[in-house]
Amino acid sequence: MKSRPLATALVVIALLSAACGGSSDGTGSAGQPMPESGKPVPQPTLAETGDRDTAEVEAPEAVATRQRDTATEQISTFALDVDTASYGYSRRLLQDGGLPEPGQVRPEEFVNSFAQDYREPDDDGFTVHMDGARTPKNGTALLRVGLQTRRAAAEARRPANLTFVVDVSGSMSEPGRLDLVREALHKLVDQLGPGDQVSVVAFSDRADTVLSMTPATDRDRLHAAVERLAIGQSTNLEAGLTSGYAEAAASFRAVAVNRVILLSDGLANVGDTTWQGILDRVEDAAGKKITLLCVGVGRDYGDRLMEQLADNGDGAAVYVSSVDDARKVFVEQFATNLDLRARDAKAQVVFNPSVVESYRLIGYENRQLATEDFRDDAKDGGEIGPGHSVTALYEVRLRGGASGQLATATVRWQDPDTRDPAEASRSLAAGDLAASLWRESASRFQVDVVAAGFAEYLRTGEGIAGAAPKDLAAHATRLAASTEDPAVTELATLIERAMSLR
């Protein structure tokens, strides 16, 4: 922690008081509206405050457990993340009688695997939702920041140029891997419309173009190409993605969504096996607004490589272990996973130091940004599709007897076509916190708390404020009944299984 002159500290507090001085009804301290979409909301940046603490690099483990003191770190900034692969892969391991490694557990991906209750915006931006609840632990509370984009009707979806990059290496010969990939691709092809186009690249020790860019109306040809996929030898993921991006760049259409879809177990063993090296090879093609979707398969799975490719390659990572998973990704969430509402989306939460003594962002260790990066549109954020929700949970320690505005959350993004930036904000007052986490807060908020608490238990053996590990399964069972959500029922089962394996 760097020391600073008193004058600088006073300037910081003054600026933050201006940002956090309004009420939770969406007005600022001077009575000015806090818009939900489309207009920038002034907040202190690093250039204004001189605060460089948030730019310091810490190990993920340290970030995961450290409470940030608002006397010096009032601002939390992170890139949005819609990945869910960590939860999908952990679920697969637990169902098979194993436990994930702590480093494979990312709490934000557990939370973002569940349905939310946020209102959709009327336009193509975001709505910002904030709520929270006090916990039984004296002086603590949990805060939820939720961001939501508007769903897209099937007929309103932009045409898509899709390049499937399919791993056919020897490791994909395990029963259920390549068969599942074929099933997923068949399902996706059946969802495509007249304006869509598809190409297929297969890779093992080298890459081959199985099918050049072909109109989706030629379904017989597309399905036949999928059926021709056959097992090879080593896993040269670098060659596969290099060829895939080259194919996507050669067929690029400015009016379409241009996306590479990688289907692999992520176990690269030939060529460059690092995400940095692989992305360096495709940097020029990726710069043409070609996004990436990483679809993981297999019990032995290169989680780290696939996650980093997605996070640093303008993409997202999901994991499928069953036909039902494939249907969810490629049918139910078809438009969400293919189209774009926002590029380089980031969130920033400014805490009021007169109300909040300290805070901790649960998860997002790999996505945290320096304060000044929030309005630097050259800095990478997250790519968000239509109908996507993004949730972040904070543990906060409140000052005794404090009242007034607790925090302001702002999301900033760029239009996927014009790159014009826009922002939306929302504030929450301490008085708006539910008095009881488990009795008075929204059911979906409670599900998020259970999911985050479960993730923390898997990676640290401990829970989060107000969510003791021993109580998580009971809470999940109760919430499954109130939400009538099969995914929450499954969560309860997974928690019980994890408890029995420890």
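**View 1. Lys187 in helix H6 of the predicted model.** In this predicted model, Lys187 has its place in helix H6. Lys187 is buried, because its relative accessible area is 16%, and the cut-off for that class is under 20%. Leaving aside residues up to four places away in sequence, Lys187 touches Val323, Ala326, Arg327, Phe330 and Val331.

**View 2. The salt bridge between Glu183 and Lys187.** The side chains of Glu183 and Lys187 meet in a salt bridge, with an N to O distance of 3.5 Å. Both residues belong to helix H6 (residues 178–191), and because they are four residues apart, about one helical turn separates Glu183 from Lys187. An α-helix has 3.6 residues a turn, so residues three or four places apart point the same way. The two partners fall into separate accessibility classes: Glu183 counts as partly exposed at 30% relative accessibility, whereas Lys187 is buried at 16%.

**View 3. Arg144 and its salt bridges with Asp131 and Asp448.** The side chains of Asp131 and Arg144 meet in a salt bridge, at 2.8 Å from N to O. This pair links distant parts of the chain, Asp131 lying in strand E3 (residues 126–134) and Arg144 in strand E4 (residues 140–149), 13 residues apart. Arg144 also forms a salt bridge with Asp448, where the closest N and O atoms are 3.1 Å apart. Here the link runs from strand E4, which holds Arg144, to helix H15, which holds Asp448, and the two residues are 304 residues apart. Asp131 counts as buried at 15% relative accessibility, Arg144 is buried with a relative accessible area of 0%, and Asp448 is likewise buried, with a relative accessible area of 0%.

**View 4. A network of salt bridges.** A search of the whole structure finds 37 salt bridges. Side chains of opposite charge can pair when their charged atoms come close. In one network of salt bridges, Arg92, Asp96, Glu174, Arg177, Asp265 and Arg299 are linked. Arg92 is also one of the buried residues of helix H4, the subject of the next view.

**View 5. Helix H4 and its surroundings.** Helix H4 (residues 85–95) is mostly covered, with ten of its eleven residues buried. These buried residues are Ala85, Ser86, Tyr87, Gly88, Tyr89, Ser90, Arg91, Arg92, Leu93 and Leu94. They pack against helix H5 (107–111), strand E10 (315–319), helix H12 (323–332), H15 and helix H17 (486–501). H4 is followed by Gly97, whose phi is positive, near 90 degrees.

**View 6. The packing of helices H15 and H16.** Helix H15 (residues 443–460) and helix H16 (residues 469–483) pack with their axes 10 Å apart and at an angle of about 150 degrees. Angles over 145 degrees count as roughly antiparallel, and H15 and H16 are therefore roughly antiparallel to each other. Their crossing is left-handed. On the side of H15 the contact is made by Ser443, Arg444, Gln446, Val447, Val450, Gly453, Phe454 and Tyr457, and on the side of H16 by Pro469, Leu472, His475, Ala476, Arg478, Leu479, Ser482 and Thr483. Sorted by class, this contact of H15 with H16 comprises eight nonpolar, six polar and two charged residues.

Technical notes
Residues numbered from 1 in each chain as written. Predicted model: local features only at pLDDT ≥ 70, side-chain atom pairs only at ≥ 80, totals over all residues. Heavy atoms only, no water. Axes fitted to C-alpha atoms, helices over the stretch in contact; angles between N-to-C directions. Parallel < 35°, antiparallel > 145°, perpendicular 65-115°, else oblique. Left-handed = near helix turned anticlockwise from the far one by under 90°. Contact = heavy atoms within 4.5 Å. Nonpolar A, V, L, I, M, F, W, Y, C, P; charged D, E, K, R; others polar. Salt bridge = Lys/Arg side-chain N within 4 Å of Asp/Glu carboxyl O. Buried < 20%, exposed > 50% of the residue type's maximum accessible area, 1.4 Å probe, protein only.
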